[in-house]
Amino acid sequence: MLTSILTFAGAACLIAMVPGPSTAVILRRSVLHGRTSGMVTVLGNEAGVLLWGLAAAFGLSAVLVASEIAYHVMRIAGAAFLIWMGAQALWRARRGNTADEEADDGRVSHWRAFRLGLLTNAANPKAGVFAVSLLPQFAPSGAPVLPMLLVFSVMWALIDLIWYFGLVWLAGRVRATFQRPAVRRRMEQVSGTVLVTLGVRLAAQP
């Protein structure tokens with residue numbers, strides 16, 4: 001059992017380090033809105049990870065694998081969400097309006113950050129496919145499947161959390177540089193382009 005847990009931990013580390021939509025969104029929030037907002041976004045993302053893990057444990061995310069229609073609907077919805085976020089960033093950069101649009105109410109800002117992290121992860125059908133196809137493979141032979149999948153789900157979220165908290169801390173170190181209007185505008189251009197590109201790639205995948 002220990003071997004299975006360690007092997008899964010290694011796989012989860014590798015998956016966490018692969019850049020994707022969550023990485024782009026978390027870094028943008030951290031640089032433009034500060035470490036606290038970035039960490040709250042991470043918490044939202046990990047809530048999405050736990051939801052996918054629980055769905056896999058109870059067999060719900062198997063629908064994405066078994067139903068081609070369900071997978072494609074989820075894929076297109078996720079792609080539209082990413083493209084919409086990217087287009088907003090590009091529009092702000094074009095207008096030169098890169099001020100903190102959430103500075104008026106910290107509670108709203110934190111809720112938006114959490115929701116953004118949750119939706120970014122939940123709208124990614126690949127996370128569901130990973131949960132349902134990969135998690136069960138690490139369950140030790142003869143071990144109760146449901147408890148092991150729940151353990152793996154929590155491990156997956158914790159490993160993701162540690163990795164992204166590290167990225168948030170690094171982003172906070174360079175945040176002062178990105179407070180200049182010209183640099184913030186360039187940041188919006190880059191993050192917007194990345195998000196739109198990720199959305200288009202997701203939509204174009206078979």
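A crossing of two helices is called left-handed if the near helix is turned anticlockwise from the far one by less than a right angle. In this predicted model, the crossing of α2 and α9 is of that left-handed kind. Their axes sit 10 Å apart and pack at an angle of about 165 degrees. Angles over 145 degrees count as roughly antiparallel, and α2 and α9 are therefore roughly antiparallel to each other. Here is who makes the contact:

| Helix | Residues in the contact |
|---|---|
| α2 | Pro21, Ala24, Val25, Leu27, Arg28, Val31, Leu32 |
| α9 | Arg184, Met187, Glu188, Ser191, Val194, Leu195, Leu198 |

Now for α2 by itself. How far apart are its end C-alpha atoms? They are 18 Å apart, which agrees with the 18 Å that 13 residues should span at 1.5 Å a residue. Of those 13 residues, 12 are buried, so α2 is largely enclosed by the rest of the structure. Among the buried ones are Ile26, Arg29 and His33.

On to the cores. The largest nonpolar core has 21 residues, and Phe8, Leu135, Phe152 and Trp156 have the most contacts inside it. Helices α1, α3, α7 and α8 each give two or more residues to this core, with α8 giving the most, at 7 residues. Phe152 touches Ser4, Ile5, Phe8, Leu135, Phe138 and Ala139, leaving aside residues up to four places away in sequence. Apart from this core lies another, of 11 residues, including Leu82, Leu116, Ala123 and Leu198.

Terms used. Residues are numbered from 1 along each chain as its sequence is written. This is a predicted model: local features need pLDDT of at least 70, side-chain atom pairs count only at pLDDT 80 or more; totals for chains, interfaces and linings use all residues. Side-chain values use heavy atoms; hydrogens and water are left out. A nonpolar core is a set of buried Ala, Val, Leu, Ile, Met, Phe, Trp, Tyr and Cys residues joined through side-chain atoms within 4.5 Å. Buried means under 20% relative accessible area, exposed over 50%, partly exposed in between (1.4 Å probe, protein chains only). Helices (H or I, at least four residues) and strands (E, at least two) are DSSP runs, numbered from the N terminus. Contact means heavy atoms within 4.5 Å. The expected span of a helix is 1.5 Å times one less than its number of residues. Axes are lines fitted to C-alpha atoms, for helices over the stretch in contact, and angles run from 0 to 180 degrees between N-to-C directions. Angles under 35 degrees count as roughly parallel, over 145 as roughly antiparallel, 65 to 115 as roughly perpendicular and the rest as oblique.
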